[in-house]
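Notebook open, new structure on the screen. I'll jot down what I look up as I go.

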Amino acid sequence: MCSNTEIDITDPFRTMDGLIKDFYVDKLHVLIYETRQQMGQAASSYYLQRLKTILDRQPTARAVFAAAHSQDEFLEGIRNAGKEIFGRVEAFHMDEYIGLPADAPQRFGNFLSNAIFNRAPFKAVHLMDSGGQEGRQECLRYGKLIESAPLDIVSLGIGENGHIAFNDPHEARFDDPEIVKITTLDEQCRQQQVNDGEFADISLVPRQAMTLTIPTLMSCRCVVGIVPLARKAKAVHDTLYGPITEQCPASILRTHNDATLFLDLGAASALRI
């Protein structure tokens, strides 16, 4: 049952510039900001607040990061404001292409290293090694790292096809038994990588990747979603107002007990606001 209940926002949201509306859809808290920059700043401030709360209760935290240009403003915000706490954070990324050269700028480990991992003093950074063509052993290795302790916080986006991480609709499973798996990217997902400016042509986009599965992502104590751009509007609409279904993997966010979704006006343009 989809609810659309507005709430009275208390700090930190009320003090952030550009907030247009917030509401709940089922358990998911949705906040809409006027501009992409305001959305990213609000998301980074909220993320750092939540991370500090986690670290008030335990000595270290385990964080999962998405690698995409949709996260640029958010990553800039946490990079500039959060360096003092990253010494207590163990970092992971949620997906990686299979088969790209180690120095390929499109590799998500390289993207995140340039954006945040090499620019803040993390306690540890765990990168997926996807240089090989098969990847199964790497999925097992990374899965063991992931399951060695609970995950505390994940920052993620929503794909144009509704995916989270690389769990595209044709292979997404809400009950996936694996922690990290090999997946085949659908055409819409591959085209999105071209739309994002990472590849000149869809023929250059790898067809396979490794990804944290949906149960792994949902096991994180806190989920922070950051989604700009009008070309994500249909996926956002289906996430919030469609059925909770593997045909729109991001719809599962509505069942998480501590999930917040930050949108700009473009991403929210198909909503009833």
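Where does alanine 165 lie? I find alanine 165 in the loop between strand 8 (153-156) and strand 9 (180-184); strands here are DSSP runs of E, at least two residues, and helices are runs of H or I, at least four, numbered from the N terminus.

Before going further, I note that this is a predicted model, where local features need pLDDT of at least 70, side-chain atom pairs count only at pLDDT 80 or more, and totals for chains, interfaces and linings use all residues. Residues are numbered from 1 along each chain as its sequence is written, and side-chain values use heavy atoms, with hydrogens and water left out.

Entry: I looked up alanine 165 for its phi, which is positive at about 50° although the residue is not a glycine. Aspartate 26 also has a positive phi, near 55°, and is a residue other than glycine. I place aspartate 26 in the loop between strand 2 (19-25) and strand 3 (28-33).

**Entry: helix 1 and helix 2.** The axes of helix 1 (residues 36-57) and helix 2 (residues 72-81) come within 7 Å and cross at roughly 45°. That makes helix 1 oblique to helix 2; under 35 degrees would count as roughly parallel, over 145 as roughly antiparallel, 65 to 115 as roughly perpendicular, and the rest is oblique. Axes are lines fitted to C-alpha atoms, for helices over the stretch in contact, with angles from 0 to 180 degrees between N-to-C directions.

**Entry: helix 2 and helix 3.** Here the axes come within 10 Å and cross at roughly 45°, so helix 2 and helix 3 are oblique to each other. Asp72, Leu75 and Arg79 of helix 2 make the contact with Phe111, Leu112 and Ala115 of helix 3.

**Entry: the cavity.** How many cavities of 30 Å³ or more does the count come to? I get one; a cavity is a set of points on a 1 Å grid over the protein atoms alone where a 1.4 Å probe fits but cannot get out, and lining residues have an atom within 4 Å of a point. About 270 Å³ of space lies in the largest cavity, a volume being the space filled by probe spheres set on the points. Its lining has 24 residues, with Ala67, Ala68, Phe108, His163 and Gln192 nearest the centre. Strand 6 (95-97), helix 3 (108-115) and helix 5 (187-195) each give two or more residues to that lining.

Definitions and conventions: 1 Å grid on protein atoms, 1.4 Å probe; cavity = no way out; pocket = protein on both sides within 12 Å on 5 of 7 lines; lining within 4 Å. Contact = heavy atoms within 4.5 Å.
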